[in-house]
Amino acid sequence: MRFFGTTWLNHDGDYTARRVAVSLGSLAAVAASCHVLRLAYEGLQLAAVGGFVSITVVVMFAVCSALAFGHTWGSFTRRPDPDRQSTLRGLLTIGFLGSLAAYFLRSLKEAPGESLHRRTYETALAQYTRRTTKRTGNPAKRRPRG
């Protein structure tokens, strides 16, 4: 929601342009991340660390990226638990490619986190409306019509 200001609320202003820019930016970040991982893998090959280490690194990045994708995708629809978030910080850092991919895919549908913010906003608006709506007196003191 950082890149959208309040345009996500009514999809007005330059909301569409911002969504396109966020989608392209996150896709560029995914591509750059893949390039960095490729360079790291080539560095392992140059260092001749062996097949076991190379396979272990590839599997580690794949598993961490898959877990980070699932966690990030889920955080767009419900608030993450802060304790679990701090526990998973290392895994999410290693699986940064999965988080970026989830952000890119979600930005194709809506502003990432928009549905969560919209539910929170609508709940707060309904509570505010209930609190500020005035009653027209005590219903028990009303006289019967007729």
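**A tour in questions**

Visitor: Which residue's side chain meets that of arginine 38 in a salt bridge?
Guide: For a salt bridge, a side-chain nitrogen of Lys or Arg must sit within 4 Å of a carboxyl oxygen of Asp or Glu. Here the N to O distance is 3.1 Å, and the partner of arginine 38 is glutamate 42.

Visitor: What kind of model is this?
Guide: Residues are numbered from 1 along each chain as its sequence is written, and side-chain values use heavy atoms, with hydrogens and water left out. Local features need pLDDT of at least 70, side-chain atom pairs count only at pLDDT 80 or more, and totals for chains, interfaces and linings use all residues, since what you see is a predicted model.

Visitor: How many helices are there in the protein chain?
Guide: Helices (H or I, at least four residues) and strands (E, at least two) are DSSP runs, numbered from the N terminus. From the N terminus on, the elements run α-α-α-α-α-α-α. The chain has zero strands, and its helices number seven.

Visitor: How far does H2 reach from its first C-alpha to its last?
Guide: The expected span of a helix is 1.5 Å times one less than its number of residues. H2 has 33 residues, and the span is close to the expected one at 1.5 Å a residue: from first C-alpha to last, H2 reaches 48 Å.

Visitor: Which residue lies 8.8 Å from serine 33, C-alpha to C-alpha?
Guide: Serine 33 is found in helix H2, and it counts as buried because its relative accessibility is 9%. Other buried residues of H2 include Tyr15, Val22 and Leu37. At 67 residues from serine 33 in sequence, the one 8.8 Å away in space is leucine 100.

Visitor: How much accessible area do Ile55, Val59, Val63 and Leu67 have together?
Guide: Patches gather residues with over 30% relative accessible area and no salt bridge; like charges are joined within 9 Å, and nonpolar side chains (Val, Leu, Ile, Met, Phe, Trp, Tyr) within 5 Å. Areas come from the Shrake-Rupley method with a 1.4 Å probe, and for residues only the protein chains shown count as cover. Ile55, Val59, Val63 and Leu67 form a nonpolar patch on the surface, and together they have about 360 Å².

Visitor: Is the pair of phenylalanine 69 and tryptophan 73 stacked, tilted or edge-to-face?
Guide: Rings of Phe, Tyr and Trp (its six-membered ring) pair if their centres lie within 6.5 Å; planes under 30 degrees apart count as stacked, over 60 as edge-to-face and the rest as tilted. The structure holds one aromatic pair. Its ring centres are 5.8 Å apart and the planes are at 10 degrees, so the pair of phenylalanine 69 and tryptophan 73 is stacked.

Visitor: Which residue lies over the face of tryptophan 73?
Guide: A charge sits over a ring if NZ of Lys or CZ of Arg is within 6 Å of the ring centre and within 35 degrees of the ring normal. Tryptophan 73 is partly exposed, with 32% relative accessible area. Over its face, at 5.1 Å from the ring centre, lies arginine 106.

Methods
Buried means under 20% relative accessible area, exposed over 50%, partly exposed in between (1.4 Å probe, protein chains only).
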